[in-house]
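Try each task before you read its solution.

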Amino acid sequence: MSMKPIKMPSATKDSTILKIAVEMLNAHDKVPQLIEFDQSQPLSSIIQLLCKAWGLPDPVNYALQFSESNNQNYITEKNRNEIKNGSVLRLEQSPAKTVQDILAKINTGTEAEQTVALTKLSTVSSDLTFALEFINKKGLSLIIHNIESGKFKGDSFKYALVTFVELMDHGIISWDILQNQFINKVVSFVSNQTNAQDPKIIQSCLSILENIVLNSSGKNSHVEKEITIPSLISHLENQDIIIQQNAIALINAIFSKADLTKKKAISATLCSKQVRNKIYDNLITKHVSKEGLGTELAHQLYVLQTLILGLLETKMRTRADSQEQESQEKIKELRKFAFENDNNTNIEVTTRRQTGSLSKDFKKLGFKCEIDPIKDFNETPPGILALDCMLYFARNQREDYTKIVLRNSCRADEQECPFGKTSVELVKLLCDILHIGETPSEQGQTYHPLFFTHDHPFEELFCICIVILNKTWKEMRATTEDFIKVLSVVREQIIRALASSPKSFDKFKQKIKELTYNEITHLWQQERTNREVWESHARPIVELKEKITPEIIDLIQQQRLGVLVGGTRFKKYMKINRKDRFWFVRLSPNHKILHYGECDEKSTPSLEELGTKLAVADIKCVVVGKECPHMKDLKGKISSPHLAFSLILKAAEVPSLDFVAPDEQIFDYWTDGVNALLKEKMTSKSFENDLETLLSMDIKVRLLDAEGIDIPQDPPQIPPEPEDYDFYYDNN
């Protein structure tokens, strides 16, 4: 088919003139037009000329659209700058005309016409321009009413739900507008497991309920009342990963909004063996690798794990009270398990009871305060959580508990590994490693499969680690002075064992046993060798560092700019939760233009696919953290404000370009890269670490010829001048 070129009214040949093609959708008799698109001319004038060339009446009923697979939005005066040379645009019915036709078919059309209209509506509702027009024409109210009344059936109902989710995702309308009748209708499709439902219906219903819980001011309690956790758990057996993901997300939303009493009840349900097995079998085991889960589902499992472990915070923050009878009984039970057998025939214990010297037993149990052991649990963290973990260990692994206590009671005071003191410090260490008490981060994806295999995962982890701590103490031949050193080794053992993602506590136990003190020492030695064999402050080395530092900084700068050229996918944050929204930003190879645009979760758009541009010359500076403009707008929405940064622009129309990095490394690389573009100093932690590492490596390479030679701390003194310079040289 030939292309019919038409020219716009004469204009100066400059950057505002773009050469593009325009086609008309579903009109094969209309020859596509090649035009010169003048950015300085009103869109209405351009559309009028296009309609005239095609012989179309009423140009006001038409609008231009993008035609990319990932961008079919209407073109407005606000987004027309995204059009680039060579673009293929589409002439479509205007939003107003489309809304009018769709509403007419919904209200008076046949069932087939209604389904066709809703199918199109579910697609175009993601466009903000269309959504505003549709909502203004009371379209959203009509959708809500027809869902409540049950007018929509089958595919019509499915597309109506998808449309509703898309419209609400724009954040134009508050979730508080929904009435209980609508919520009950949506809940009925989630709770009804007897009839097979279209996956799209379940996906949408779960998403709607999650948003109501998270974003409405008073409707979350009604959702909690109408829906049960077991009914949501059953959706985890669904083969659709989006349904699994949305079900976990809704559980997390209800969990996070519940009061403490309800949280404990929800946690008890989730930690029951039947529910744990469903989560483990359908999510963790079925998807062999964490990558197989997908980013969003891995994040939801991380959130669930964080919320469950977060219930330990109350005990972690609570100091033990000497007047509290329950804590006193727990201390007595610890002593009983250690020193009294079942037949109560221990002569030594009987004698000890007669003399009343319980303090000796408490000393052997390793408490710092032998007179009143309760005082050992005054520090928070770990508070009374440490006491509960010790008692759990004594009750459930009595043989190991007795061995540890009695073995240490037979050692000299300076060589014993005090059970009480080490338990308190170990629980404190585990709370730090597992970030107990911290809110889930927006980007977190690190969950531990073994925590979904036991109803008391934290306590079970403690039982394994306290045995390993005593084993490591013995391997290190430690004394009380080495306490901090032993804990540092144990911390490394736990972190490395968890990093291997063991699927059960047995595999964790096997892995951590392999990480002996000698193995950890060997790993540390390897890492030190990789980083730097030695660190020297000798003046010759310092002077050499000063000489080569500018070269290293230039190398780091090139690497940072390379990252910017390669581009990064960022999560898009709005004032209302919108899942799986991303945008991609990359720097042009000549380091002069930043290109950006929307993308999906897995795509890596090329430079040509990113329609919006920003000249580096238009950037005034970069700000980070709470200083960023969007931190004020999204207050409370982002749990990692330290990963936020903004490019402050010189132009008044668009004051800033705002980002939230997925992790600290990307944050450091981008802030360093932008600072390098602006000829400013790079200041990130990654820059400092890279500079130190590269300097160390460079110096080691340069000093290879001096291997085995001791470099003095200071240069040797220059000897005094001789009395005269009458030197004699004998050649024989």
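**Exercise 1: a charge and a ring**

Find the ring that the charged end of K421 sits over.

Solution. Start at the charged end of K421. It sits over the ring of F483, 4.4 Å from the ring's centre. The cut-off for this distance is 6 Å, so the distance passes. Keep in mind that this is a predicted model.

**Exercise 2: ring pairs**

Classify the ring pairs F362–F367 and F393–Y401.

Solution. Step one: a search of the whole structure gives 21 aromatic pairs. Step two: take F362 and F367. Their centres are 6.3 Å apart, with 75° between the planes. Planes over 60 degrees apart count as edge-to-face, and this pair is edge-to-face. Both F362 and F367 are buried. Step three: the centres of F393 and Y401 lie 6.0 Å apart and their planes meet at 90°, so this pair is edge-to-face. F393 and Y401 are buried too.

**Exercise 3: a helix**

How many residues of helix α23 are buried?

Solution. First locate α23: it covers residues 457-475, 19 residues in total. Next check its span. From first C-alpha to last it reaches 27 Å, close to the 27 Å expected. Now count: 15 of the 19 residues are buried, and the helix is mostly covered. Finally, look past its end. R477 follows, with a positive phi near 50°.

**Exercise 4: a glutamine in a strand**

Is Q33 buried or exposed?

Solution. Q33 lies in strand β3, residues 33-38. Its relative accessible area is 1%. Buried means under 20%, so Q33 is buried. Its side chain reaches the backbone oxygen of L50 at 3.3 Å.

Note on methods
Residues numbered from 1 in each chain as written. Predicted model: local features only at pLDDT ≥ 70, side-chain atom pairs only at ≥ 80, totals over all residues. Heavy atoms only, no water. Helix = DSSP H or I, 4+ residues; strand = E, 2+ residues; numbered from the N terminus. Buried < 20%, exposed > 50% of the residue type's maximum accessible area, 1.4 Å probe, protein only. Polar contact = N/O pair within 3.5 Å; in protein donor to acceptor, adjacent residues only side chain to side chain. Expected span 1.5 Å × (residues − 1). Phe/Tyr/Trp six-rings, centres within 6.5 Å; stacked < 30°, edge-to-face > 60°. Lys NZ or Arg CZ within 6 Å of the ring centre and 35° of its normal.
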